[in-house]
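Hi there,

Here is the structure I promised to pass on to you. Have a look at it first, and then read on for my notes on what turned up.

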Amino acid sequence: MTDGSYERLTAVALAGRTGVYDIELGPSGVVDIQLSTSATARYVAFPGLANLHAHADRTYTVTSARPQGLKDALAASAAARMMFTMPDVRRRARRFFERSIEHGVTRIRTHTDVDPIVGLKSMEGVLSARQAVHGRLDVDVIAFSTSRNDLADDESVARLRDALAMKPAYIGASLNASSAPALALERVLNLSEEYGLPVDLHLDEHLDAGASLTARVLEAARAWARRPDHDQPWLRALRS
Ligand SMILES: [Zn+2]
C-alpha cells in the first residue's frame with residue numbers, strides 16, 4: 001500500500017469479533033470496516049505482530065559452528081561482534097526489519113549492544129536502519145549495556161550515557177556478569193529515573209539460581225511504586 005492506493009477486502013473474519021466484514025485499506029492502514037453482505041468469510045485478518053525481544057544488531061551473524069554451552073556462545077558472539085562496523089550493522093538490521101515486515105510484524109523492540117567491543121557502532125547502525133523503515137515498522141531501540149559493559153565501572157556508565165544521548169526508547173542491561181550486580185542494578189535504575197526512560201533487563205544470562213536478581217528488581221519496583229509522586233492506579237498492585 002506504499003503507492004497511496006486504496007483496496008477493499010470483502011468477506012473478512014476478524015480476530016475477536018463474530019460476523020463477516022468488508023475492510024477498506026488505505027495508504028496508512030485500515031480506513032473503514034463494514035458488515036459484509038457475504039455470509040461466509042474468505043479471509044481472516046489479524047492485528048500486526050509485535051516482536052518484543054529482538055537483537056537486530058546481532059542478526060545474520062551465526063556461523064556453522066554450534067556453541068557448546070553458554071560460555072562458548074558468549075565467546076562466539078564476542079568474536080563476531082569484534083568485526084562489526086556501522087554500515088555492516090545497518091545492513092543486517094535493515095535486512096531483519098524488511099524480513100519482519102514481510103512476515104506481518106508492525107512493531108519491534110530491539111536490544112542494541114553498548115560495550116567496549118562494539119562501542120556505539122550497533123546503536124548507530126540500528127538507528128540508521130530504523131530510519132530506513134520509518135512509517136512501515138515501529139522500532140523501539142533499547143540502549144543495552146551488555147554483560148561486557150560492567151556498570152560497576154564508571155567507564156561503562158559513561159559509555160552507556162553516550163548511548164542514552166542518542167535518544168533510545170528504553171534503557172537495558174545484562175547484570176549477572178557484573179563484578180557487583182546489585183550496584184549495577186542500582187545504577188541502571190538511577191539512570192532510568194534521570195533520563196525518564198523505562199527499563200528492559202536481561203536477568204537470566206547465567207546458570208546459577210543463587211545469583212538471581214529478580215527479588216531485588218521486584219523490591220526496587222515496589223519501593224518506586226510506593227513513592228507518593230508515583231501514585232497511579234496501575235501501580236497499586238505492586239505496592240504490597
Ligand atoms: Zn536478549
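I23 has I33 in β3 as its bridge partner, and E24 is partnered in β3 by D32. These pairs sit where strand β2 (residues 21–26) runs antiparallel to β3, with six bridges joining the two. Strands here are DSSP runs (E, at least two residues), helices likewise (H or I, at least four residues), and both are numbered from the N terminus. Two strands count as paired if DSSP finds at least two bridges between them.

Before going further, please keep in mind that this is a predicted model, in which local features need pLDDT of at least 70 and side-chain atom pairs count only at pLDDT 80 or more, while totals for chains, interfaces and linings use all residues. Residues are numbered from 1 along each chain as its sequence is written.

Back to the strands. β2 and β3 make a hairpin with two residues between them. On its other pairing, β2 meets strand β1 (residues 7–14), again antiparallel, over four bridges; here E7 has L25 in β2 as its bridge partner. β1 and β2 are a hairpin too, this one with six residues between the strands, and G16 in its turn has a positive phi of about 85 degrees.

Put together, these strands belong to an open sheet of four, ordered β3-β2-β1-β4, with mixed pairing. Its edge strands, each pairing on one side only, are β3 (29–35) and β4 (43–45). From one strand to the next, the twist averages 50 degrees (axes are lines fitted to C-alpha atoms, for helices over the stretch in contact, and angles run from 0 to 180 degrees between N-to-C directions).

There is also an open sheet of five strands, in the order β5-β6-β7-β8-β9, and its pairing is parallel. At the edges are β5 (49–54) and β9 (199–202), each with pairing on one side only. Here the twist averages 20 degrees from one strand to the next. Helix α3 (residues 121–132) packs on this sheet, touching β6 and β7 (138–145), and its direction makes about 165 degrees with that of β6; contact means C-beta atoms, placed from the backbone, within 7 Å. β5 and strand β6 (residues 105–114) run parallel and are joined by four bridges, with A54 opposite T110 in β6.

Finally, the domains: the protein chain is divided into domain 1 (7–45) and domain 2 (49–207), with bounds from an automatic or database domain assignment. Their C-alpha centres lie 38 Å apart.

Best wishes

Conventions: Two residues are in contact if their C-beta atoms, placed from the backbone, lie within 7 Å.
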